[in-house]
Amino acid sequence: MEASWEGKISSVRKHSAAETAGIHAGESLCAINGMPLRDILDVSFAAADFEPVLSVRGRDGSIREVTVPKEIDEELGLSFESAVFDKVRLCHNKCVFCFVDRMIPGLRKGLYVRDDDYRLSFLYGNFVTLTNLTDNDFDRIIRNHMSPLYVSVHATDPQVRQAMMKNVHSGEIMEKLHRLFAAGIHIHAQIVCCPGWNDGVVLEKSYRDLVALADFVEDMAVVPVGITKNKQGLPDLRLFTKEDAAVVVRTVTRWQEECRRKLGRSFVYLGDEFYILANQEMPPVTWYDGFPQLENGIGLTRNFLSEWDMASQRHRVDLHPAHHNYAIPVGVSAATLLQPVMHEFNARYHTNNRIVPVINDFFGHTVNVTGLLTGTDILAQLPEEVPVILPSVVLNQDNLFLDDMTLKDFIRRRGNEVRIARGAAELYNLLLEQPLPHKNTTARNSVPDRKSVTGRNNTEYVKQFS
């Protein structure tokens, strides 16, 4: 039979039901029990049965029917090249702050895809605007209880949201949220804050509207707009000044105090850049309530410093690192915060490791987070003849930098040792040449790590290391 869509199988787990049934990587799944499949969610529901019958297209193009004996709710053991088979839903908005529109031309195509797909929101935590949902989409979300979703609210004021997003349906955000809440669907909310657009009294209204619905709104993240040097034909936006950021920090701190008294949690959280720009200390770990929006840049620095402190407490001071002078390239904003802790590390272990602030010539000097550094800029600004530890956020899952340089090419051009650190604990252990403590991790739905820039959905994008 011919299915409407097909999911390309990237891997088959060893000893799984699918492997036992003779299904191989490189083949495609067309249907289960005759039901066409739109995405991995359909696969999950259709396969939750005894002995499902899979329609599989072989690498030669022929389709065969494969009965897969298994226990009810046992996973098939299949991973796919994409979570969606019927194409990713694209964004229909023209947001004044859209980072994709401000991308530097000439990079790989994946960096210019503006996804706005509720399925990727549920599976990966990508932020969606809800402007392109049909009644059938709402019905599916509610029927399958796809909760929580990650929603880019930006402003609850309908006129402001419509002016920012350039979409006649964008002003309906509160009606759409109430429709989801009535069915028990929860959300994580995000506001990309643009000076003169949705800050001040507009931000106050958004906070009041969302906190009144705190039974269904898990949290509200406020992140500052980012602007690259590519401004041709785009709306004229400005960045937050130090004084602007200080006002936002004071205001949100007051809201957090209010929420902690009434709700027992902070509820509203600021992107790290606000504290860094305002030169103010970030809240303690407890105020982040488990870091619910860590991958959106909320509390990355505090979480890093907390993990670093724990790593420090685990190790003796009489260790003797094999290398004494690693260079660790980071964004300018992270460098200010990491240099003091590296100074303490060097004093403790008699080393000379260096935090190297890398100026972002590629995207522009106003972009100062680690996750948006390119291989070219890092290579140009590293000191010579020292081993390097790269923060993992500068690479995507295919080991590509944002400027399409491969890790292999970076290592070849660097000409000496290059290591990669995934977080504070691993960085500390690499500096000491110690094995990383074993961790048991379970990936949900075999989903790769999602990486995103503030306010954007595209899984090609990456956020800052700290």
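**Close-up 1. The sulfur of C95 and the closest cysteine sulfur, in C91.** In this predicted model, the sulfur of C95 lies 5.6 Å from the closest cysteine sulfur, which belongs to C91, and this is too far for a bond, since a disulfide is a pair of cysteine sulfur atoms within 2.5 Å. A search of the whole structure finds zero disulfides.

**Close-up 2. The burial of C91 and C95.** C91 has a relative accessible area of 17% and is buried, a word that here means under 20% relative accessible area, with exposed meaning over 50% and partly exposed in between (1.4 Å probe, protein chains only). C95, at 12% relative accessibility, also counts as buried.

**Close-up 3. Helix α7 beside helix α8.** The axes of helix α7 (residues 200-211) and helix α8 (residues 242-262) come within 12 Å of each other and cross at roughly 15°, which makes α7 roughly parallel to α8 (angles under 35 degrees count as roughly parallel). The crossing of α7 past α8 is right-handed, meaning that the near helix is turned clockwise from the far one by less than a right angle.

**Close-up 4. The residues between α7 and α8.** On the α7 side, the contact (heavy atoms within 4.5 Å) is made by L203, E204, Y207, R208 and V211, while α8 contributes R254, W255, E258 and C259.

**Notes.** Residues are numbered from 1 along each chain as its sequence is written, and side-chain values use heavy atoms, leaving out hydrogens and water. Because the model is predicted, local features need pLDDT of at least 70 and side-chain atom pairs count only at pLDDT 80 or more, whereas totals for chains, interfaces and linings use all residues.

Note on methods
Axes are lines fitted to C-alpha atoms, for helices over the stretch in contact, and angles run from 0 to 180 degrees between N-to-C directions. Helices (H or I, at least four residues) and strands (E, at least two) are DSSP runs, numbered from the N terminus. Angles under 35 degrees count as roughly parallel, over 145 as roughly antiparallel, 65 to 115 as roughly perpendicular and the rest as oblique.
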